[in-house]
Amino acid sequence: MAILNKIIVYPIKGLGGVELPSVEVTEGGTLKDDRRWAMVDRKGHMQNGKNNKRIFLLRPTFDLDEKSIGFEGESERFELSCNALLQEYLSDKLAKPITLKENVREGFPDDPKAYGPTIISLSTLQAVSSWYSSMPLEEVRARFRMNLEIADTPAFWEDQVFRHQLEPKSVQIGDLLISSTNPCARCAVPMKSPETGEPFPEFYETFLNNREKHKPDWLDAQCFDHWYRLGLNTRISYKQQGAKLSLDDSVKII
């Protein structure tokens, strides 16, 4: 039986995540504290690994109960909400003036139409790890930054929710029904080392070749306009506000 293996939220968009034993759904249909804050420059541009290489050098540690953040090598901790000292610290580290914006209800999802958690199976991440030399599972996790990880499934289990010209199937985790929207198109961030921001040689070409080569029989290729896609983008109905996900919840495709 498939089960929920990991829950990871990323409190500040673009920075590292936090593993949790359980998480609630907000009134905006997102996971509580996931991408709740975003770093924005003076022009209103969000700062992330796509446009600011210095982000990869930040090693955050979060306390979500106290809503605080610290950084590896630093003794000081900062409040996450409306904290001028944290903005000053981030401005210095990212070499530009930074404002920390907050959205409790909806966060700052990459795709406003797919504002729910991203979902992937453990075996999929293990398969991707095997495509590269010297890229362990933990590094693959850090590169692809998924929210919910499902265990006890075959690799690319999540691809079966899509069928050409049909409504995508949903994923039920515990009592929570999550609607699939589209296979997740990946950006340039997974191509870069989560430790240094340096590009991995031929990451993109290796991924494309193996993604197509190892596609499972249940994958409908007509649902994939390109092979640089991995995992599920989703939505959660606002009516499920307050629903809770916990590790080892059962998982099934509806």
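Modeller: A strand, in this text, is a DSSP run of E that is at least two residues long, with numbering from the N terminus. The model under discussion is predicted.

Colleague: Which strands each supply at least two residues of the lining of the largest cavity?

Modeller: β1 (3–9) and β11 (148–151) do.

Colleague: How much space lies in the largest pocket?

Modeller: About 1200 Å³. The pocket has 48 lining residues, and those closest to its centre are Y10, L15, R35, A142 and R145.

Colleague: What makes a residue part of that lining?

Modeller: An atom within 4 Å of a point of the pocket is what counts, so each of the 48 residues passes that test. β3 (18–19), α3 (137–144) and β13 (176–185) each supply at least two of the lining residues. The most come from α3, which gives six.

Colleague: How is the lining of the largest pocket divided by class?

Modeller: It has 21 nonpolar, 10 polar and 17 charged residues.

Colleague: Which residues line the second largest pocket?

Modeller: V18, L20, S22, V23, E24, K32, D33, L64, D65, K67 and K244. The volume of this pocket is about 210 Å³. Strand β4 (residues 22–24) contributes three residues, the largest share of the lining.

Colleague: How do you know which residues of this lining are charged?

Modeller: Asp, Glu, Lys and Arg count as charged, so E24, K32, D33, D65, K67 and K244 fall in that class. The division is four nonpolar, one polar and six charged.

Colleague: Why are β2 and β9 said to stand at the edges?

Modeller: The order of this open sheet of three strands is β2-β5-β9, with mixed pairing. β2 (12–13) and β9 (99–102) each have a single partner strand, so one side of each has no neighbour in the sheet.

Colleague: Why are both faces of β5 called covered?

Modeller: W37 and M39 on one side are buried, and A38 and V40 on the other are buried as well. Buried means under 20% relative accessible area, so each of these four residues lies below that limit.

Colleague: Which face of β6 is covered and which is uncovered?

Modeller: In strand β6 (residues 60–63), P60 and F62 make up the covered face, while T61 and D63 make up the uncovered one. In a regular strand the side chains alternate between the two faces of the sheet.

Colleague: What do β6 and β7 form together?

Modeller: A hairpin, with four residues between the strands. In the turn, K67 has a positive phi of about 55°. Four bridges join β6 to strand β7 (residues 68–71), and the two run antiparallel. Among the facing residues, T61 stands opposite G70, and F62 has I69 as its bridge partner.

Colleague: What makes β6 and β8 edge strands?

Modeller: The open sheet has three strands in the order β6-β7-β8, paired antiparallel. β6 and β8 (77–79) each pair on one side only. Ignoring direction, neighbouring strands of this sheet are turned by 25° against each other on average.

Definitions and conventions: Residues numbered from 1 in each chain as written. Predicted model: local features only at pLDDT ≥ 70, side-chain atom pairs only at ≥ 80, totals over all residues. Heavy atoms only, no water. Pairing = 2+ DSSP bridges. 1 Å grid on protein atoms, 1.4 Å probe; cavity = no way out; pocket = protein on both sides within 12 Å on 5 of 7 lines; lining within 4 Å. Points joined across faces, edges and corners; volume = space filled by probe spheres on them. Buried < 20%, exposed > 50% of the residue type's maximum accessible area, 1.4 Å probe, protein only. Axes fitted to C-alpha atoms, helices over the stretch in contact; angles between N-to-C directions.
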